[in-house]
Amino acid sequence: MSLSKDTIRRWIRDLVDKYGTNDPYRLAEALAIEIHEINNGNNNWIARALQDKRTGIWVIVINHKSPEEERAFGVAHELMHILIHQRNPLPRGDDLEILCDFGANEIIRR
Amino acid sequence: MMEIGKAEALLNAQIFSKGSEDLSEHFISAAKQILKNIREKNNPVDLKVTDLTDEVIRQLTARMTRQYATSNPLELAERVGLHIVNVDDGRTDWTGRLLTRDGVWLLLINKNLNDNEYRETVASFVIARELLPRLSNWPQGVDQTFIHEVTAAGMVILFSDI
């Protein structure tokens, strides 16, 4: 069954209710996701999620050079990648990116 | 064998010395070729796991310390672009994990390590960070034990000034 926007909306509502915040940084902390800000001299990316499969640890890295106002959305977008990643089958390509953007908007505007 | 730093210094001194106009183009060209050969020997780009002798690791580590002018593992990590993320997951069965994506290199390091283990783990993974892009066949399922073993020879250089 494909992942619907309604399902994502419900996830976000439950998540925000459970942890009492819609701040993507605090949500990441609540979910034991490490946030790490870096500067690699490149300004064409905002945030990335990486997982170490052996330990299961997730890290969201944020580009220190990205505009500050875009970083919270970037973290929310990567949070959505991590949440969706647990699903099987995993949406791919553009569908995945559209769903992550949708979920990030849901987090930010709540 | 002449070390690369000495060869560079000698070549520069020859070229820019007062008598440089006496040097023939032929000499400079030959010297540059020798330097190139030394560089390639010290900076191999298509290593195989079977090439990873202690001597290769030592050369790689020594080159790194010269290039970045430090043998402090934490300073080296910063200079080679290896970002350290301290993780406290309550477990003690791992030391460090290397993650890379889109040119970003992260070292997850276990916060529960003692000071020596922490420093050695950083050193080990700094060497691995330099090594990995030069390897043509990093084996599947490589783990921290393998990295610690492979990089051990370089540790002597990084910790020689402590």
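## Basis of the description

Helices (H or I, at least four residues) and strands (E, at least two) are DSSP runs, numbered from the N terminus. This is a predicted model, in which local features need pLDDT of at least 70 and side-chain atom pairs count only at pLDDT 80 or more, while totals for chains, interfaces and linings use all residues. Residues are numbered from 1 along each chain as its sequence is written, chains are lettered from A and ligands numbered from 1 in the order in which they are written, and side-chain values use heavy atoms, with hydrogens and water left out.

## A buried serine in chain B

Ser124(B) belongs to helix H5 (residues 115–131) of chain B. Its relative accessible area is 0%, so Ser124(B) is buried (buried means under 20%, exposed over 50%, partly exposed in between; 1.4 Å probe, protein chains only). Beyond its neighbours within four places in sequence, Ser124(B) is in contact with Ile147(B), His148(B), Thr151(B) and Met155(B), where contact means heavy atoms within 4.5 Å.

## Two loop alanines with positive phi

Most residues other than glycine have a negative phi. Ala32(A), however, has a phi near 60°. This residue lies in the loop between helix H2 (24–30) and strand E1 (34–38) of chain A. Ala32(A) is exposed, because its relative accessible area is 60%.

In chain B, Ala69(B) has a positive phi near 55°. Ala69(B) is found in the loop between helix H3 (54–68) and helix H4 (73–80). With a relative accessible area of 67%, Ala69(B) is exposed.
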